[in-house]
Amino acid sequence: MILGTSAGSVVGALAASRTDVAAVRARMAAVAELVGAEQLAAGFQNFMTAIWQADPETDPEQGLRSIAKAAEGTKTIDEQAYLGLYEAFTGLPPPGAHHCTAVDAETGALVVWGPESGVPLQKAVASSCAVPMIDPTVTLKGRRYIDGGIANHLNPAAAPRTDRWEEDGPVDARDPQAATEAYALGLRQAEAELDRLTAVSDRPTPTGRTRPEPWRRA
């Protein structure tokens, strides 16, 4: 199983679907043109302020609802334009190994998207990466969803108890001035991480068989 949260959902989807990272990188880099460095930095500043005011550690679901509420009315790119950043996943069936997390903007509950969810891979990944006040909420089945990493950047509770973790921590972009650089760094890391995870997937077991579904997290 590959369990991805936020940017990890992209790396996980790339690894599980064997999608060429080059097909994704150029399109996702367009976020700088759609948002702009100044708006991106301001969005991160507003996002961090909302987190501080919501205090999600005291009451996680209430805190997450407060963050989503604070994001309402914030100017972001159009949802369809945002979904276009993940167009490389359009039409692809959800890979059997891939799962990713998002947060219900109304209830604050964590959700896990997988092949059994009946959710398109493109929208599942987009919802997992939708940072409030920077990206629009993503609509799925009549509900709105935001970045799963706001609940927890690992979300270990969403993984099977037998899971073997391979953790890729997030880039710390709390400094709004570093937001653009942090995003660019994440794009550069994605290709290396995809190669590493693919190597893990293809590594033979002691019996000589290739692991069909290695327990790991993107």
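Q: What should I keep in mind before I start?
A: Because the model is predicted, local features need pLDDT of at least 70 and side-chain atom pairs count only at pLDDT 80 or more, while totals for chains, interfaces and linings use all residues. Residues are numbered from 1 along each chain as its sequence is written, and side-chain values use heavy atoms, with hydrogens and water left out.

Q: How many helices and strands does the protein chain have, and which pattern do they follow?
A: Helices (H or I, at least four residues) and strands (E, at least two) are DSSP runs, numbered from the N terminus. Here there are 8 helices and 6 strands, and along the sequence they read β-α-α-α-α-α-α-β-β-α-β-β-α-β.

Q: What percentage of the residues count as buried?
A: Buried means under 20% relative accessible area, exposed over 50%, and partly exposed in between (1.4 Å probe, protein chains only). Of the 218 residues of this chain, 46% are buried.

Q: Which residues touch the most other members of the largest nonpolar core?
A: In soluble globular proteins, nonpolar side chains tend to be buried together. A nonpolar core is a set of buried Ala, Val, Leu, Ile, Met, Phe, Trp, Tyr and Cys residues joined through side-chain atoms within 4.5 Å. The largest one has 40 residues, and those touching the most other members are Val-10, Tyr-82, Tyr-86, Phe-89, Trp-113, Val-125 and Val-138.

Q: What is Val-138 in contact with?
A: Contact means heavy atoms within 4.5 Å. Leaving aside neighbours within four places in sequence, the partners of Val-138 include Glu-79, Tyr-82, Leu-83, Ala-126 and Tyr-145.

Q: How many aromatic pairs are there?
A: Rings of Phe, Tyr and Trp (its six-membered ring) pair if their centres lie within 6.5 Å; planes under 30 degrees apart count as stacked, over 60 as edge-to-face and the rest as tilted. That rule gives 2 aromatic pairs. Tyr-82 and Tyr-86 make an edge-to-face pair, 5.4 Å centre to centre with 75° between the planes. Trp-113 and Tyr-145 also pair edge-to-face, at 5.0 Å centre to centre and 75° between the planes. Trp-113 lies in strand β3 (residues 110-113) and Tyr-145 in strand β5 (residues 143-147), so this pair ties together parts that are 32 residues apart in sequence. Trp-113 is buried, with a relative accessible area of 7%, and Tyr-145 is buried at 6%.

Q: Which residues of helix α5 are buried, and what covers them?
A: For a helix, the expected span is 1.5 Å times one less than its number of residues. Helix α5 (residues 60-71) has 12 residues and reaches 17 Å from its first C-alpha to its last, close to the 16 Å expected. Its buried residues are Gly-63, Leu-64, Ile-67, Ala-68 and Ala-71. Just after α5, Gly-73 takes a positive phi of about 85°.

Q: Where is Lys-141, and is Lys-141 buried or exposed?
A: Lys-141 sits in the loop between β4 (138-140) and β5. At 62% relative accessibility, Lys-141 counts as exposed. Lys-141 has a positive phi of about 55° although it is not a glycine.
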